[in-house]
Amino acid sequence: STMMQTKLSTGFQRDVRRIVENAPGPKQHRKVNLGESLIGKGQPEELAGEPQMVLVKGDVVQISTQRPDGWAFGTKLHH
């Protein structure tokens with residue numbers, strides 16, 4: 001069966017190409033030595049209620065917004 005996509009405003013139709021890939025296996029847990037962690041100082045008061053991320057060397061982070069003081073909001077993409 002072929003899937004079709006239709007744009008309602010124009011009636012334009014096209015075939016939908018669907019590629020199914022195997023999902024990756026379960027993530028491997030990695031041990032982290034928290035004794036080597038660095039804790040930032042001087043967190044701005046207005047960020048006190050915001051969630052904080054724990055990052056380790058090798059993490060990939062996508063920053064969505066960065067403040068002028070260097071603090072950033074983002075998402076950890078890979079650990």
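The largest pocket of this predicted model holds about 880 Å³ of space, where a pocket is an open set of points on a 1 Å grid over the protein atoms alone, reached by a 1.4 Å probe and with protein on both sides within 12 Å along at least five of seven lines, and where the volume is the space filled by probe spheres set on the points, which are joined across faces, edges and corners. Of the 24 residues lining this pocket, Leu38, Gln52, Met53, Val54 and Leu55 are the closest to its centre, a lining residue being one with an atom within 4 Å of a point. By type, the lining comprises 15 nonpolar, six polar and three charged residues, with Ala, Val, Leu, Ile, Met, Phe, Trp, Tyr, Cys and Pro counted as nonpolar, Asp, Glu, Lys and Arg as charged, and the others, Gly among them, as polar.

Residues are numbered from 1 along each chain as its sequence is written. Because the model is predicted, local features need pLDDT of at least 70 and side-chain atom pairs count only at pLDDT 80 or more, whereas totals for chains, interfaces and linings use all residues, and side-chain values use heavy atoms, with hydrogens and water left out.

Strand 3 and strand 4 pair in the antiparallel sense over six bridges, pairing being assigned if DSSP finds at least two bridges between two strands. The two strands form a hairpin with five residues between them, and Gly70 in the turn has a positive phi of about 100 degrees. Within this arrangement, Gln62 stands opposite Thr75 in strand 4. Ala72, also found in strand 4, touches Ile63, Thr65 and Gln66 when residues up to four places away in sequence are not counted, contact meaning heavy atoms within 4.5 Å. Ala72 counts as partly exposed because its relative accessibility is 39%, which lies between the limits for buried (under 20%) and exposed (over 50%) with a 1.4 Å probe and protein chains only.

Overall, the secondary structure comes to zero helices and four strands. The radius of gyration, taken over C-alpha atoms, is 22 Å, well over the 12 Å that the globule rule gives for 79 residues, so the protein is more spread out than a compact globule; the rule is 2.2 Å times the number of residues to the power 0.38. Buried residues make up 6% of the 79 residues.
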